[in-house]
Amino acid sequence: MLGIPTHLAPRVNAWSTVRAFHAAAIGSIAVTAIALLLYRFADPDVRVAGAVLALLPMLVMIAVHVQFGTWRSAVAFLVVGAVCTWWFATIVQREVPVGWVASYLLSLVVIPLILVGGAGAVPSRVIAWSVAGFVVGRSAALVALVQTDGTAHAFLLAWVTLAFVVALVLFTSRSSVRSERVQPELLRAAREEHVSAYRAGVEAEAAAILHDTVLNHLGAIALAPDGPMDAQLARTVDADIATLTGQGWLEPQESRSPGAAAASFERMLADERAQGLRIASTGEPSSLAGLDERTLDALVRAVGQCLANVRKHAGVDAAEVSVFDDGASCTVMVVDDGRGFDEAETGADRMGLRASVRQRIERVGGSVQIWSSPGSGTSVMMTVPTAAASREHPTDRMPDRSDPVVTDEGRLR
């Protein structure tokens, strides 16, 4: 109940109750038929085939009413049920002389009328139809008893069922009222958590991009020889300044031309090569086309940061980048033969590997594995889901501006 919007909760609750009543009504008819057959096996002289046949039209009308669920189908079920109850009671009164057995069977045949009479999802209507079904069923049975000069029965089980139905509907209605009071607070808390998670994601991505651009460029400028800035470095700085001052990193475009993913990846490799790093590219960069725009952007930036780390920290000028996929995910490995490091000893202020690689990949539902130790080089494996896998198994993400937002009143906008 607490997960359903406030304005829908009462109807959904009542509808679920009615559907449960339908299943119980079918079970009651099945129990009635089984009880008749068992009584027939215990006393071969009784003839109960007609009583069993009287149950079949009721079963058919239950199916019709479940299919349509209108007041017309409910009235039709009560009419057919009344005739079948009269037919059933006439045979039982004549063939079953044991009083308590006859009373039990008559109650069983009236119970479906109590349970399936409902034709609406409003609690008061469910109760009204159930009472009407009880009155119709008991009246039809009494008519049969009068016609056969039989003994009146208490219909105790039918009374108990009616009382249970009324109590259950009233209880669930009261629960709906309580949930209506609690629901706005829960929705408000969920919205605040949603906004907080979105804000944290934006801040983390902004910090990672700031590290990827400003800090990396400051390091490149500090290591550059005296004189004018390298033309390639200047172009890269200009492009990154445009990225920082714009909003493209917040809302990447969903549409792209064929081969754009591989081209974006190759541009990143070209920028790193222009910084003096020799990069051997293997595998199938074309498989990057299976990624959505946000995942591709995160993967390209993370790989770029890994290569920047090779330039700045590995003590070598060569690295290998391998791309491969298995249909459900795409994996990129960056390997170097440099000095290596111990990730556990990396300082808290070192954001490159933590924020620009690991957290960035995790935000798009991927994972990062690192193998490195001092003196043995470094291997970083980044795995992200393809666009098809992301749709089948959605992960937490920063919401788009078009995503619906739950208001305090429980509505979507």
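Trainee: Why does Ser-73 count as buried?

Mentor: This is a predicted model, so every value here is computed from it. Ser-73 has 7% relative accessibility. Buried means under 20%. The value of 7% falls under that cut-off, so Ser-73 counts as buried.

Trainee: Where is Ser-73 found, and which residues is Ser-73 in contact with, leaving aside neighbours within four places in sequence?

Mentor: Ser-73 is part of helix H3, residues 71-95. With those neighbours within four places set aside, Ser-73 is in contact with Met-61, His-65 and Phe-68.

Trainee: Why is Ser-103 called buried?

Mentor: Use the cut-off again. Ser-103 has a relative accessible area of 17%. That is under 20%, so Ser-103 is buried. Ser-103 sits in helix H4, residues 99-116.

Trainee: What does Ser-103 touch, not counting residues up to four places away in sequence?

Mentor: His-153, Ala-154 and Phe-155. Take Phe-155: Ser-103 and Phe-155 are 52 residues apart in sequence, and their C-alpha atoms are 6.0 Å apart in space.

Trainee: What makes H8 roughly parallel to H9?

Mentor: The angle. Helix H8 (residues 260-274) and helix H9 (residues 293-314) pack at about 15°, with axes 10 Å apart. Angles under 35 degrees count as roughly parallel, so H8 is roughly parallel to H9. Their crossing is right-handed.

Trainee: Which residues make the contact?

Mentor: From H8 come Ala-261, Ser-264, Phe-265, Met-268, Leu-269 and Glu-272. From H9 come Leu-296, Val-300, Val-303, Gly-304, Leu-307, Ala-308 and Arg-311. They divide into nine nonpolar, two polar and two charged.

Trainee: Why do Cys-84 and Cys-306 count as buried?

Mentor: Cys-84 has a relative accessible area of 3%. Cys-306 is at 5%. Each value is under 20%, so Cys-84 and Cys-306 both count as buried.

Trainee: What percentage of the chain counts as buried?

Mentor: Of its 413 residues, 41% count as buried. The secondary structure comes to eleven helices and five strands.

Trainee: Among contacts between residues at least 6 apart in sequence, what percentage join residues at least 24 apart?

Mentor: The figure is 73%.

Methods. Residues are numbered from 1 along each chain as its sequence is written. This is a predicted model: local features need pLDDT of at least 70, side-chain atom pairs count only at pLDDT 80 or more; totals for chains, interfaces and linings use all residues. Side-chain values use heavy atoms; hydrogens and water are left out. Axes are lines fitted to C-alpha atoms, for helices over the stretch in contact, and angles run from 0 to 180 degrees between N-to-C directions. Helices (H or I, at least four residues) and strands (E, at least two) are DSSP runs, numbered from the N terminus. Angles under 35 degrees count as roughly parallel, over 145 as roughly antiparallel, 65 to 115 as roughly perpendicular and the rest as oblique. A crossing is left-handed if the near helix is turned anticlockwise from the far one by less than a right angle, and right-handed if clockwise. Contact means heavy atoms within 4.5 Å. Ala, Val, Leu, Ile, Met, Phe, Trp, Tyr, Cys and Pro count as nonpolar, Asp, Glu, Lys and Arg as charged, and the others, Gly among them, as polar. Buried means under 20% relative accessible area, exposed over 50%, partly exposed in between (1.4 Å probe, protein chains only).
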